Amino acid sequence: MSRRSSHFMPRRAMAIVAVSSLAALLSLAVGLLAAGSAQASTLPTLTLALTKTSITVSGATQSGAVNVVATAASGVKEGSAILFLLKPGTTVAEVETGIKASGKDPNNTEKYGTIVFDEEATAGKTNEAQTYLQPGSYVALGGEGEGAPKVKQAFTVTAAASPVALPTPQATVRSIEFGFRGPSTWHDGELVRFENEGYLVHMDLVAPVKSHKAAKQVVKDLLAGKEKGIEKLITGEPFGAGPLSHEAFQQITITAKPGWYVQVCFMETQDGRPHTRLGMERIIRIVK
């Protein structure tokens, strides 16, 4: 991703993909808000524990809905936890070798598998989001800051006899080429599903801004490629999901305070243009 995006979100926007390790993707350091509702607490839990030298997967590894909980050890800065579903017959070694030769475009991971989940892992904090795991071979990836994931753990999700269903979201937001679909007014406390229905890898970030006027200015500047100075209009941590592959999704309970937000995707086209210049930004309002 272009470093211009760092003016908008110093942590999260840099997370587009440095595909030099096992996966062509970097988790956005999105401030994914804890899905702490009763719905989330009834789901099986899959835990991703990140340290500077490892990522450990524990808990529910059967197919079906899960509440993914990401944690990080003391000393981990801007940690990220990613779940990558390998295509049948693909080995971790093949993925690793292929990705190294494929360049920095996360869409090149399609021949090896799918980016199914992406979450922040923060020292001293528990981050949670819901998703649905298909049976198959996975790799959990972990890293810090802007670099590619440095640690990995392979694991298998077995087929459950009776897979648990996900709670029905109260709103669904869809990413496509090149835009967002779904309600632009969300309610504090509602369960929102962020889904990539595009064929390209997309992220779905939502950042708080000072006012409706500020939101319109941010959208205007992003469309024009004038990211410099936008950080002055941002008032806090973004939240959301991604980058995610086609048909991947995450669900979170909105706990952001009411106000005006800007929804964006900073992934890049093959010619280096961020998706924000092609229309992937819009104004969101959160109300009580």
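Predicted model: local features only at pLDDT ≥ 70, side-chain atom pairs only at ≥ 80, totals over all residues.
- Strand 13 spans residues 202-208.
- Of its 7 residues, 7 are buried, so strand 13 is largely enclosed by the rest of the structure.
- In a regular strand, side chains alternate between the two faces of the sheet.
- Strand 13 runs antiparallel to strand 14 (residues 239-244), and 4 bridges join them.
- Asp204 has Ala241 as its bridge partner in strand 14.
- Strand 13 also runs antiparallel to strand 16 (residues 259-264), again with 4 bridges.
- Here Leu205 has Val264 of strand 16 as its bridge partner.

- An open sheet is built from 4 strands in the order 5-4-7-8, with antiparallel pairing.
- Its edges are strand 5 (113-121) and strand 8 (151-157).
- Each edge strand has a single partner strand, so one of its sides is left without a neighbour in the sheet.
- From one strand to the next, the twist averages 20°.
- Strands of a sheet pair through backbone hydrogen bonds, either parallel or antiparallel.
- Strand 4 (residues 79-86) pairs with strand 7 (residues 136-144) in the antiparallel sense, over 7 bridges.
- Gly79 has its bridge partner in strand 7, namely Glu144.

**Thr131, inside a strand**

- Thr131 is part of strand 6, which covers residues 127-133.
- Thr131 has a relative accessible area of 2%, so Thr131 counts as buried.
- A polar atom of the Thr131 side chain lies 3.0 Å from the backbone oxygen of Phe249.
- Leaving aside residues up to four places away in sequence, Thr131 touches several others, including Gly64, Ala65, Val66, Leu166 and Phe249.

**Asp188, in a loop**

- Asp188 sits in the loop between strand 11 (185-187) and strand 12 (191-196).
- Its relative accessibility is 36%, so Asp188 counts as partly exposed.
- Asp188 and Lys257 are 69 residues apart along the chain, yet their C-alpha atoms are separated by 6.9 Å.
- Asp188 touches Ile254, Thr255 and Ala256, and also Ile286, Val287 and Lys288, not counting residues up to four places away in sequence.

How values were computed: Residues numbered from 1 in each chain as written. Heavy atoms only, no water. Helix = DSSP H or I, 4+ residues; strand = E, 2+ residues; numbered from the N terminus. Buried < 20%, exposed > 50% of the residue type's maximum accessible area, 1.4 Å probe, protein only. Polar contact = N/O pair within 3.5 Å; in protein donor to acceptor, adjacent residues only side chain to side chain. Contact = heavy atoms within 4.5 Å. Pairing = 2+ DSSP bridges. Axes fitted to C-alpha atoms, helices over the stretch in contact; angles between N-to-C directions.
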